[in-house]
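Please keep the sequence and the 3D view open as you go through them.

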Amino acid sequence: MKVTEDILEKLKKTLADPKRFLTSEADLYSFSFDASFGMYKPDVVCQPMSSTEVASIVRIANEYLIPLCPRGRGTSLSGGPLPVHGGIVLDFSLWDTKLVIDEENLIATVSPGVITSHINDAANEFGLMYPPDPSSAHVSTIGGNLAENAGGPRGLKYGVTKNYVLGLEIVTADGKIVRTGGQTIKNVTGYDLTKLIVGSEGTLAIITEATLRLIPKPQASLTAMVLFDDIIDAGSAISKVLVSGIMPSKMEIMDQSSIIAVEEYASLGLPVDVEAILLIELDGHPLAIEDEMQRVKSVCMDVGARSVQVAQDKKEEAELWQARKLVSPAIVKLKPTKISEDATIPRSQIPEMFRRLKLIKEKYNIHLVVFGHAGDGNLHPNIITDQRDKEEMRRVEMAVEEIFKAAIDLGGTLSGEHGIGTMKSAFMEMELGVDGLAMMKSIKEAWDPKNILNPGKIFPVKGQRFELRND
């Protein structure tokens, strides 16, 4: 339904401060995009700072059939917060008023607009840790991380966001405020609605508060940089380390294109003649990880590593990780457009996925860079291109489709941590099948019968094709 002046006036009255009600063209365009592709201008932006404000807005949207699109800081790589059908953007970026650490019960209670890294920083003051660490943690909000079930390098050992959510406060599609879960580690009272909401990308309910599990911070850590002349050997090393009984906290990979880009960007002294670098972090008791690192070194050398360099102190450890952190800014120096995917495969298929990615790169003559969380199979094939080159973009679209087909063929999934949003919805049936997708649609229809919550996400429309465009 069209958002009329009467409806705008009603929406404005739901907010205690009229400055949190945005309708100017400049503001609307500021909320029309995220870190993926596509621009969709909303009709209005509301910036709620309480559950009651959210509930009031939702009730109006439900009455007049107005689309609602929840948004954090717009760091999504899958189009999750894009207002595809216009309507209302619910901007939670101002709502960071609650971050309470309960040291005794090892939990944190947070508002949806809290910056994710701030939770871990606050926990560290009590000797605790919030493990999920997406690369955007220093700018992304916890609400967005919950919506996408974000992961990160530590996901290998510690799991992803959903593994740390004990309870939620949500607003349903008809404007009711409901609590799911609680503050206990064990909770099997009825259906696990908490886990259902986490990762649902704002299509089932709107998250207004979260109760998160914390864990004790490890005593120590050790990091090694392992060089490989063959990226397939690097894939084999990943599997061999894990089956040896060692569980690293992080296991990150950079291919040769990533290494060259970082070296040209920052001159860190990286060897540009190797096909892959594996960064391995161990954490735990100091004596235990010293022994484990020796075993890691032995395993890697046995499968063909050129060398293993172990950081001798925290400064050297930070320098090793700096190379991985610089990949994203480094590769966009090559060309201005970056397509970041996160097709994820079983660990045993990592060597074969590397082989297929090589073939795709050659077949479509594209600049394909591979890095990511290799320890849990969550690779990040990034294609560097220029969206103004229409012919190249067509080749890129075909390459992305083939990357997803390869991941599914190897028993993997479309997304390990970025979500589906608008970017991957065209491929949903490929992974789930007709009946699997229909089951998900039935859940959506039960929770949101009027389809006002983040419409245009996850579920493809008939005949939808994968396209990369920003017009």
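**Exercise 1. A sheet and its edges**

In what order do the four strands of the open sheet lie? Please bear in mind, here and below, that the model is predicted.

Solution. Step one is the order: the open sheet reads S1-S2-S4-S3, with mixed pairing. Step two is to find the edges. Strand S1 (21-22) and strand S3 (68-71) each have a single partner strand, so one side of each has no neighbour in the sheet. Step three looks at a pair inside that order: S2 (residues 44-46) and S4 (residues 88-91) are joined by three bridges in the parallel sense. To locate this pair in the viewer, find Cys46, which stands opposite Leu90 in S4.

**Exercise 2. A strand with two partners**

Work out how strand S12 is placed, and which strands it pairs with.

Solution. Begin with burial, where the cut-off is under 20% relative accessible area. Of the nine residues of S12 (residues 220-228), eight are buried, so the strand is largely enclosed by the rest of the structure. Next, take the partners. Strand S14 (residues 276-284) runs antiparallel to S12, and nine bridges join the two. In this pair, Leu222 has Leu282 of S14 opposite. Strand S15 (residues 305-310) also pairs with S12 in the antiparallel sense, over five bridges. There, Leu227 faces Ser307 in S15. As a reminder, strands of a sheet pair through backbone hydrogen bonds, either parallel or antiparallel.

**Exercise 3. The cavity**

How many cavities of 30 Å³ or more does a search of the whole structure find, and what lines the largest cavity?

Solution. The search finds one cavity of 30 Å³ or more. About 40 Å³ of space lies in the largest cavity. Its lining is made up of Ala35, Ser36, Phe37, Leu77, Lys338, Ile339, Ser340 and Met423. Sorted by class, that gives five nonpolar residues, two polar and one charged.

**Exercise 4. After helix H15**

Is Ile452 buried or exposed? Then place Asn451 in the structure.

Solution. Ile452 sits in the segment after helix H15 (428-447). With 1% relative accessibility, Ile452 counts as buried. Asn451 is found in the segment after H15, and at a relative accessible area of 42% it is partly exposed. Finally, compare sequence and space: Asn451 and Ala173 are 278 residues apart along the chain, yet their C-alpha atoms are separated by 8.5 Å. For Ile452 and Val188, 264 residues apart in sequence, the C-alpha to C-alpha distance is 30 Å.

Methods. Residues are numbered from 1 along each chain as its sequence is written. This is a predicted model: local features need pLDDT of at least 70, side-chain atom pairs count only at pLDDT 80 or more; totals for chains, interfaces and linings use all residues. Side-chain values use heavy atoms; hydrogens and water are left out. Two strands pair if DSSP finds at least two bridges between them. On a 1 Å grid over the protein atoms alone, a cavity is a set of points where a 1.4 Å probe fits but cannot get out, and a pocket is an open set with protein on both sides within 12 Å along at least five of seven lines; lining residues have an atom within 4 Å of a point. Grid points are joined across faces, edges and corners, and a volume is the space filled by probe spheres set on the points. Ala, Val, Leu, Ile, Met, Phe, Trp, Tyr, Cys and Pro count as nonpolar, Asp, Glu, Lys and Arg as charged, and the others, Gly among them, as polar. Buried means under 20% relative accessible area, exposed over 50%, partly exposed in between (1.4 Å probe, protein chains only).
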